[in-house]
Amino acid sequence: MTTYHIWTVGCQMNKADSERLASGFEQLGLSECDDPRGADVVVLNTCVVRQSSEDRATGLLGDLKKAKDIYPERRIAVMGCMVGPNSEELNRRFPQVDAWARPQQFRPILEMAGEAIGIDPDGCIQELLPADPKVSTFIPIIHGCDKFCSFCIIPYRRGREVSRSVEELVHETEMLVSRGVREVTLLGQNVDSYGHGLDPAHDLADLLYAINEVSGLDRIRFLTSHPSDMSEKIIRAVGELPKVCENINLPFQAGDDVILERMRRGYTRDEYLRKIDEVRTIIPDIAMVTDVIVGFSGETEEQFANTLDILTQVRFDKVHSAAYSVRPGTIAARQHPDTVSIEEKKCRLVELNELQETICTEINAGLADREFDVLIDGYSRGRFTGRTRTDKLVHLENSETLETRIGGFASVRITETTPWSLQGKVTAAEMLAAGDRLRVYPA
Ligand code: SF4
């Protein structure tokens with residue numbers, strides 16, 4: 001038994017969990033295998049926000065069962081949101097699975113793998129941190145959600161909010177920085193709710209101040225926010241702290257008060273718009289991102305028009321849009337019939353995305369000829385790519401001629417813009433010291 005594969009779907013929280021679990025497997029002496037059907041230990045890190053994601057996981061479990069029938073020594077584990085507080089029903093449906101683990105519960109899986117290879121995980125596993133993290137890395141800071149929006153299954157699967165301590169998170173950030181990380185994104189289903197229940201009491205602003213002090217770290221981001229929990233203190237911290245980037249993801253989900261109430265979002269459209277004003281007054285050059293659902297139960301044309309109106313008024317830098325689909329087990333599934341047809345939802349989604357494309361085109365066109373600091377975090381099709389502080393994707397034109405590397409910063413003058421990305425010329429690039437643990441491309 002020498003190899004593992006982690007199959008991951010869903011949000012950044014799952015990706016962060018998978019990186020940490022991989023670190024545990026590596027410490028057990030297992031190495032990564034690209035093929036889930038060929039690995040000795042396979043973990044499916046699942047998402048249930050959409051039925052289609054859950055269906056993909058159950059389909060793969062069927063394939064893995066066939067492989068396990070031939071190679072019974074193989075081990076299969078499932079973690080993430082598919083695993084609720086009670087796994088009895090799952091055990092009955094999927095007897096081929098050896099271990100079930102809720103999000104962030106690595107122990108049952110590591111114990112299963114340790115037992116299979118005859119090693120006690122307690123004896124050899126230290127911190128579960130990626131050994132070779134990406135230059136921009138996720139750090140989960142709060143697990144679960146207490147909000148219970150009517151369309152969302154997350155609180156039932158991830159449980160109530162639990163925050164990690166400031167000390168633990170500062171230490172983790174220091175460790176990641178020592179491994180080459182320059183940017184961290186602090187994650188939570190409702191990240192603004194961080195710190196509730198901690199003793200002594202802390203909030204997200206306190207954590208941002210503490211992490212801002214970590215030497216060697218250059219940038220801090222956080223997501224996802226909730227309009228009701230984004231306090232003035234948090235907004236001021238974003239405005240004041242040099243390492244915290246001017247980029248906030250503040251979902252509004254719907255622009256009509258009746259729909260918002262049906263969604264149990266806890267704010268009105270006016271309150272949302274006032275929050276946006278507050279953010280922009282304190283941080284004028286902020287880039288705003290949002291999430292929207294179209295076609296929620298009973299949404300009329302007029303109510304949908306109110307959603308489009310919010311887009312027009314706020315002019316977000318990015319919108320994550322989705323057509324409503326019912327999740328069994330949610331309040332909406334029980335109380336609000338899914339009355340908008342699929343065709344209508346698709347039409348509304350197209351209309352909304354076209355409007356947003358126009359807005360993004362205009363916003364990005366206004367960035368031409370301006371110069372930005374870009375953290376280089378990728379290489380594709382012969383060019384380096386990176387992100388501005390406002391999280392704009394930038395393709396670098398002339399980076400080959402400079403000492404530009406993943407993990408380095410460059411000053412970039414924007415030469416071309418599209419709705420979705422920018423292109424620019426490197427005017428100056430950070431010279432990285434010899435021996436820096438940074439990847440050089442082409443390898
Ligand atoms: S805030 Fe609402 S949508 Fe977000 S995770 Fe919590 S319940 Fe789900």
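**Reading domains, sheets and a ligand shell**

Modeller: The centres of domain 1 and domain 3, taken over C-alpha atoms, are separated by 37 Å. This is a predicted model, in which local features need pLDDT of at least 70 and side-chain atom pairs count only at pLDDT 80 or more, while totals for chains, interfaces and linings use all residues. Residues are numbered from 1 along each chain as its sequence is written.

Biologist: Into which domains is the protein divided?

Modeller: Domain bounds come from an automatic or database domain assignment. Here the protein is divided into domain 1 (3–124), domain 2 (132–245) and domain 3 (371–429).

Biologist: How should I read strand pairing, and what is the order of the open sheet of four strands?

Modeller: Strands of a sheet pair through backbone hydrogen bonds, either parallel or antiparallel. Helices (H or I, at least four residues) and strands (E, at least two) are DSSP runs, numbered from the N terminus, and two strands pair if DSSP finds at least two bridges between them. The open sheet of four strands has the order β7-β6-β8-β9, with mixed pairing, and its edge strands, β7 (162–163) and β9 (219–223), each pair on one side only. Strand β8 (residues 183–188) pairs with β9 in the parallel sense over five bridges, and Leu186 stands opposite Phe222 in β9.

Biologist: Which strands pair with β1 in the parallel sense?

Modeller: Strand β1 (residues 3–8) pairs in the parallel sense with strand β2 (residues 31–32) over two bridges, and Tyr4 has Glu32 in β2 as its bridge partner. The chain crosses from β1 through α1 to β2 in a right-handed β-α-β crossover, a term meaning that, with the strands pointing away from the viewer, the path from the first strand over the helix to the second runs clockwise. Strand β1 also runs parallel to strand β3 (residues 41–46), to which five bridges join it, with Val43 in β3 as the bridge partner of Ile6.

Biologist: What classes of residue make up the shell around the ligand?

Modeller: A residue is near a molecule or strand if its C-beta atom, placed from the backbone, lies within 6 Å of it. The residues around the ligand are Cys145, Lys147, Phe148, Cys149, Cys152, Ile154, Pro155, Gln189, Asn190 and His226. By class, this shell has six nonpolar, three polar and one charged residues, where Ala, Val, Leu, Ile, Met, Phe, Trp, Tyr, Cys and Pro count as nonpolar, Asp, Glu, Lys and Arg as charged, and the others, Gly among them, as polar.
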